[in-house]
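Dear colleague,

Please find below the structure that I am handing over to you. My notes on it follow directly after.

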Amino acid sequence: MKKVFALGLSLSLLSISIIGCSNNSSGNVIKIATQTPLSGNQATVGEAIKNGAQLAIDDHAEAFKKLGFDLKLAPYDDQADPKKGVANAQQIGADQSILGVVGHYNSGVAIPSASTYQKNKLVMVSPANTAVELTESGNKSVHRIVARDDVQGSADANYATKKLNAKSIFIITDKTAYGEGIASNFQKQAEQNGAKITGHEGITPGEKDFNGVLNRVSSAKPDFIFFGGIYSEFGILVKQAREKGIMAPMMGGDGVDSSDMYKIAGDAIKDVYYSTTAADVSKSEEGKKWAERYKAKFNKDPQSYAFYGYDAMNVLLKGLEDAIKKNGSKKPTREQVLDAVHLIKDYQGIASKVSFDDKGDNDFAKVFIHKFENNQYPGPLVGEEGKQ
């Protein structure tokens, strides 16, 4: 009898298991992936984007359950490495339950990964990527809610030359697609405004000693320094520049938008500016409430790109919901979700309004210029420009 009972129980469990598998394969589970650096020296911002996306999933899980779907986040760590990003993108493409991607943080990772998304007809909504090439390549999978480097670089140059009266400028980049892209657009506008570029040097991400580059800066005696790269290197550059007596104002793009700048540069962070494509919404009533929710869930204050991770996910989920309804309440194909996201107009997010143009750029994207000051994050807002 024990054997018979055991056999009956085994068959029952097997039956339940088969039913469960059948339900999953029939489309009950819908995943949205994130791809950001979750380890390494850029994890602070990468994790903030993922956390913002998780809050959006949490907010909509019940509504999708009523539609008959189990909504889940599938976070991937791209390690700020293009090869890892592409490898992850291939895994994401192979998982048929994934219908979209929120990412990346680094344009140099997003550009090659996006080719894999396109092959799999997966929609990508970026909360942070600014490289012009991303949406100029003709890749229909790519969408972003932030401003491009041609807008951001120009805004930075206008502020440097017109507000800070920069005449001789030294440019340093981390030689990545993002760093070179924003620096190139900065240089073009700065020269149009009458400034002279007195030097252009590159560093390697992960380096800790920038004395060689800074010696060349010291010899050139610029009255302004622009950096195209990420906060993990810029913080060290600022600290070492001030230690060498180089006191010219310094500026970076949105890659240096992080509270970690204060930790890395310390008291040396004087006359340092940064642009960002992320608005500071933490001071609005809605933004304050959202920041409180974020802190309650993750036990930390949100970085600015956490808000954009939230908005990017909400935009993708709006497209997903539209695609489900258009498909007769059945699970849509990846291509149907892609088409629905592309058609989104006038979506009001917590940080940005979103309408995608034909290339996947946001008509309402803006650039905000801040100053690192008094250990305040985000730093005081000193300038703002819209999409050109």
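Which residues are buried in helix α13 (residues 334–342)? They are Arg334, Val337, Leu338, Ala340 and Val341, where buried means under 20% relative accessible area and exposed over 50%, with partly exposed in between (1.4 Å probe, protein chains only). These residues cover an arc of only 165° around the axis, which puts them on the same side of α13; the arc is that of the directions from the helix axis to the C-beta atoms. Their cover includes α3 (82–94), β3 (98–103), β4 (123–126), β5 (142–144) and α12 (304–326). Helices (H or I, at least four residues) and strands (E, at least two) are DSSP runs, numbered from the N terminus.

Before going further, please note that this is a predicted model, in which local features need pLDDT of at least 70 and side-chain atom pairs count only at pLDDT 80 or more, while totals for chains, interfaces and linings use all residues. Residues are numbered from 1 along each chain as its sequence is written, and side-chain values use heavy atoms, with hydrogens and water left out.

Helix α7 (residues 177–192) has 16 residues and should span 22 Å at 1.5 Å a residue, which agrees with the 23 Å between its end C-alpha atoms; the expected span is 1.5 Å times one less than the number of residues. Its buried residues are Tyr178, Gly179, Ile182, Ala183, Asn185, Phe186, Gln189 and Ala190. Seen down the axis, they fall within an arc of 165°, so they line one face of α7. The exposed residues Lys188 and Gln192 are carried on the face turned away from that buried side. Among the elements covering the buried residues of α7 are α4 (107–119), α6 (149–163), β6 (168–173) and β8 (224–228). Gly194, with a positive phi near 100°, follows α7.

The largest nonpolar core has 96 residues, and Ile169, Tyr308 and Leu320 have the most contacts inside it. Such a core is a set of buried Ala, Val, Leu, Ile, Met, Phe, Trp, Tyr and Cys residues joined through side-chain atoms within 4.5 Å. Helix α12 gives the most to this core, with 13 residues. A second, separate core of 16 residues includes Ala33, Ala74, Val101 and Ala114.

Lastly, Val109 is found in helix α4 and counts as buried at 1% relative accessibility. Beyond its neighbours within four places in sequence, Val109 is in contact (heavy atoms within 4.5 Å) with Asp78, Ala80, Asp81, Pro82, Gly85 and His104.

Yours sincerely
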